[in-house]
Amino acid sequence: MNVLVIGNGGREHAILLALKKSPKVKKLYCMKGNAGTAEIAENVEVDYMNLEAVKAFVSNHPEIDYFVVAPDDPLAIGLVDELEAMGKRCFGPRKNAAIIEASKAFSKALMKKYNIPTAESETFDNYDEALAYINKTGAPIVLKADGLALGKGVLICKTLQEAEQGLKEIMLDKAFGSAGNKIVIEECMQGLKYNPGEEVSVLAFTDGKTIVPMITSCDHKRANDNDEGLNTGGMGTFSPCPFWTKEMEEEVMQKIMLPTMHAMNAEGRTFKGCLYFGLMRTNKGVKVVEYNSRFGDPETQVVLPMLKTDLMEIFEAITDERLSEVKIEWEQGACVCVVLASGGYPLSYAKGKEIEIGNLPQSVHLVHAGTAIKDGKLVTSGGRVLGVVAKGSDIENAREIAYSAVKAVKWENMHYRTDIGVKYRQG
């Protein structure tokens, strides 16, 4: 088959690398892609947020058999619906199911209605009412812009002053644009040992009838070491999660995953694709922090390299609603991804810096995110630029290999965290 992956970041490069291994795949395309995807796929310069432009391209390329819609934004505006209306086979949820990520207010209401464990919360579209609620509740408290905000629309406020400032930024200053027209204010969940708690990401394949969790991973959201600095789209990941147990997996399946799948069905919003569960282990059991309607970034970079089963086979089974027939298997060991970013990210940063890449260890590969080719040279074109991905016998081993490879990559003002994989080391 000829397969088009839609998106231009590290997640899409990781998906393409996994699909490249499939004997079912003949040719790969990527819309819009980056310098890394161009090495294994034909990049297509079409704005995937322009539905009419995408449809025109698809009409002119009947040789493409299958479409993978990877980012949250095109899912939220209904790109899968448009492609299916053209008779195309797709991986990704329809618009009415992608709302589970596109609106935090929707997902919180869903969890409340179907008794899925999550933080207590209230939703507001009025600034004065939200401010009064914050002053009544006090801190620490969590503020979440309702809509999509590139993974940055969540503020964990330790003091009342921080909360008041954060509320102003989201609702009045529109730091996240229209995503902040409505706001979810929730309690700050406390973990068993850590503050604010141990978080784990569990991505799951689902066709609306069956749900199969992938191996676990842990993300580092803050820009700097020791979880300091601003929230980012993710500065690195490791897999598997050290504190994840069979008991937790069973608890999450029975209390969170199956109830979520059934709740979406009951609401007439059957979810088919990759459903991401951001979870926290608390003293009151595992709770949902957030849902995503697609593969996480940079979680995908450490999860898919460990997949033994043919990814294309899984995608097709989900499209055909026969996921129960596929046995999904994973490699032993661990995987670590260290994100190399432009200095200044997630705020302002320079682009067009030339990237030098030396010799990398055999067990390491680079996942491209914000890269481009300019005048024949590899240059930076985004905030998160590259992911250095290493496999090893365990997290410590994979971490050691990844950081030895980081030294082989250079550009002016490159920034990365030095503690990826250290988090929750004690399990």
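At what angle do the axes of helix 7 and helix 8 cross? The axes of helix 7 (residues 127-137) and helix 8 (residues 160-172) come within 10 Å and cross at roughly 165 degrees. Helices here are DSSP runs (H or I, at least four residues), strands are E runs of at least two, and both are numbered from the N terminus. Axes are lines fitted to C-alpha atoms over the stretch in contact, with angles from 0 to 180 degrees between N-to-C directions. Helix 7 and helix 8 are therefore roughly antiparallel (over 145 degrees).

This is a predicted model: local features need pLDDT of at least 70, side-chain atom pairs count only at pLDDT 80 or more, and totals for chains, interfaces and linings use all residues. Residues are numbered from 1 along each chain as its sequence is written, and side-chain values use heavy atoms, without hydrogens and water.

In helix 7, Tyr 127, Ala 130, Leu 131, Ile 134 and Asn 135 make the contact (heavy atoms within 4.5 Å). Their partners in helix 8 include Leu 160, Ala 163, Leu 167 and Met 171. By class, this contact has 9 nonpolar, 1 polar and 2 charged residues.

Now the cavities. The whole structure holds 3 of 30 Å³ or more. A cavity is a set of points on a 1 Å grid over the protein atoms alone where a 1.4 Å probe fits but cannot get out; lining residues have an atom within 4 Å of a point. Helix 6 gives the largest share of its lining, 4 residues. That lining has 4 nonpolar, 1 polar and 5 charged residues. The second largest cavity has a volume of about 50 Å³. Its lining has 8 nonpolar, 2 polar and 1 charged residues.

How values were computed
1 Å grid on protein atoms, 1.4 Å probe; cavity = no way out; pocket = protein on both sides within 12 Å on 5 of 7 lines; lining within 4 Å. Points joined across faces, edges and corners; volume = space filled by probe spheres on them. Nonpolar A, V, L, I, M, F, W, Y, C, P; charged D, E, K, R; others polar. Parallel < 35°, antiparallel > 145°, perpendicular 65-115°, else oblique.
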